[in-house]
Each structure stands twice: as C-alpha cells, then as structure tokens.
Amino acid sequence: MAKKRPQTKGNKGKQSQLKDHEVPVVGAREPCPCGSGRRYKACHGRGAAHAVTELVQRPFDGLPGECDWVALRELVPAATVELTLKEGLPDGVPSVTLATVLPMAWPALRRDDGSVLLGLQNETSSGDISRDLADTLQRALTTEPGKPVAGRRAPADGPRLQDLIDEKSAFEPIVHSGFEFWVPDAENTTQEVSASLERANAAAIPTVKLSGVDAAYWCETPEKNHLRWVMPHPEEQLLDALARLHAAGTSSLGEGTRLVGSFRAHGLTVPVWDLPSGVGAADVEKPAAEFAARLATALAATEPLTPEERRARGGLTNRQVTLS
C-alpha cells in the first residue's frame, strides 16, 4: 500500500497564502493548488462540485416577472422578451432578447447584426438555471456575430441572472404563433431553415397570454383547452386558499370549466383548469379576473380548514405534478 507523502514546508506555506476563493480549478485527480497534499476532488474541488450540483429551488427569484420566467421555461412554446441589463448594452450589441427555444436547441445566438438571442428551454449542466443562463449570456455578448454559443458548465462562482438583469426593468413576454422570430426574413430564407421552421411550428401548441391577470396562459389542445396560471404565493398558503374555494364551489372559471390540479415548477405553484374546446382566451379574461379577487380573499383567511376543505385540499395535492 502506497505511503502518504508528507506535506512539505513549501506546501504549508502555499496553503497559508491562498484563500478559498483564490484556489484555481484543476483536474479532479491533480494535487489541490492550495498545497494540502490531497487531490483536488477531495479538497477544494469538493466544495466547488457541491456548489455546481446543488439545486436552487427558485432560480428566477428576484428577477422581474418571476412567474413569467417559469411559464416561458416550462409551459409556453414560442415567446420572446426584451431584456434590460444593469450595465447597459456593450458596443456592437443592439439588443438582448430572451427566447423560449432557438434553432438546433442552441443555448444562445449572436445574430449578424450583433443582437443576442438567449434560449431559455435548454438542458442545463448545474443545479442553478440562473447561473447557467448568465454564463451563456455573458459569452453571447462577446461571441462573433453570426455564430451560436455552445453549452458548457458554468463556473460555480460565476454571476447569476440577478446580477446581470436590471431588477427595475419590465418583463413583458410576447407570445408568438410560431418560430419566425428565429430569422429576420422568414419568407426569403433557405429551404433547410424553412423546413425546420415548419416542423417547429407544427409541434407548437397554440398559446395566448391573458392580459387581465399576471402569468396566466391559455392553450389549445385537440380534446380540450386549458388555462395554466403561475402564481407567486407560498405553496401551502395557496393550496389552502384553493381548497377553500374548491369546497365552496367557486374554484371554476365559468360553466364547463374545472380546476383539475396544479404543477410545481421552479419553486412556484401552477394551478391548471380544464376548459371546453369552444372556450378561447378572450372568454376567460373576465372569469380569471373575478377568480383573482376570490383568491385574494381566500389567501387572507386564517381560520383552520373545515373537514370538507381538507378533503378538497387532499384532492388537489394528489393531482399535483412536479415539472422541475
């Protein structure tokens, strides 16, 4: 059995000179640069690996429009949002646009005119989507125009979106019927790109953002329509409130509609209603606003749930699905 090498005085001196945040990243099996004599993965690499893989439950918390970030990440096929950066736009970058999906599932794209498209619905390499997206965005700002940005593992100590995006700016999604926003001139593009657009458009579920309430999205499916509404309230409080309304028979959005359950996505709860096929987005604008008023009252209630309300809550909880 190999003997452990004794730590030299030189190593001890080096270790005392380096602080944790100053230790560079090296290969997992290489000696740790701090001078401890251990491999990097068993020394400072352990903390770095934990920081990279630790799941951030609410990656979009603190960003303007957190509920819409969640909706665009998980629910909406085609949408874009203009982003405002804290430090302003670099020279040669006329705009930065968040997009639900980009061609070839690129993480980001620097267009020929220098503008940046940042893809939201991509696989991420760490437990913090915000840090991964921030790393992609920073690299896109300096990528050569006309080139996509490749995916990579973001540095564990890198910035997050909250560090880059102006928290006072508006977050106003524009929902598209298709993916023509991929190219500046969709009518005069190549046959290959046209075919790709046609395939993507055929797979996109028709979706509309309601205008009267925040982060509520109507969508059309072959059998029935749905309303999926991302809400910012703490999960337990929201489920109690929904249970109160459900037990009272006031949780629907009108005749033929039904609250059927909820998703859990990125730390937020997304109640879902089934709607008859003939009910469009415009038809649920007023009922959704009226429901928001009823929900506010139910959220403010503090008395314990009744047995009937507890049963209603149990039913809603059993029909909850976690997306992230």
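Q: Which residues of α3 are buried?
A: This is a predicted model. In it, the buried residues of α3 are E66, C67, D68, W69, V70, A71, L72 and R73. The helix covers residues 66–74, and eight of its nine residues are buried.

Q: OK, now the largest nonpolar core. How many residues does it have, and which have the most contacts inside it?
A: The core has 40 residues, and W69, L98 and V230 have the most contacts inside it.

Q: Which elements give two or more residues to this core?
A: They are the helices α3, α4 (129–142) and α5 (161–164), along with the strands β1 (79–82), β2 (96–99), β4 (116–119), β10 (258–265) and β11 (268–275).

Q: Which gives the most?
A: That is α4, with six residues.

Q: And which domains does the core draw on?
A: At least three residues come from each of domain 1 (66–203) and domain 2 (208–322).

Q: Back to V230. What is it in contact with, leaving aside neighbours within four places in sequence?
A: V230 is in contact with C67, V70, A71, L75, D214, A215, L268, T269 and V270.

Q: What about a second core?
A: A separate one has 24 residues, including A281, V284, F291 and L299.

Q: What lines the largest cavity?
A: Its lining is made of P64, E82, L83, T84, I165, S169, A170 and F171. Five of these lining residues are nonpolar, two are polar and one is charged.

Methods
Residues are numbered from 1 along each chain as its sequence is written. This is a predicted model: local features need pLDDT of at least 70, side-chain atom pairs count only at pLDDT 80 or more; totals for chains, interfaces and linings use all residues. Side-chain values use heavy atoms; hydrogens and water are left out. On a 1 Å grid over the protein atoms alone, a cavity is a set of points where a 1.4 Å probe fits but cannot get out, and a pocket is an open set with protein on both sides within 12 Å along at least five of seven lines; lining residues have an atom within 4 Å of a point. Ala, Val, Leu, Ile, Met, Phe, Trp, Tyr, Cys and Pro count as nonpolar, Asp, Glu, Lys and Arg as charged, and the others, Gly among them, as polar. Buried means under 20% relative accessible area, exposed over 50%, partly exposed in between (1.4 Å probe, protein chains only). Helices (H or I, at least four residues) and strands (E, at least two) are DSSP runs, numbered from the N terminus. A nonpolar core is a set of buried Ala, Val, Leu, Ile, Met, Phe, Trp, Tyr and Cys residues joined through side-chain atoms within 4.5 Å. Domain bounds come from an automatic or database domain assignment. Contact means heavy atoms within 4.5 Å.
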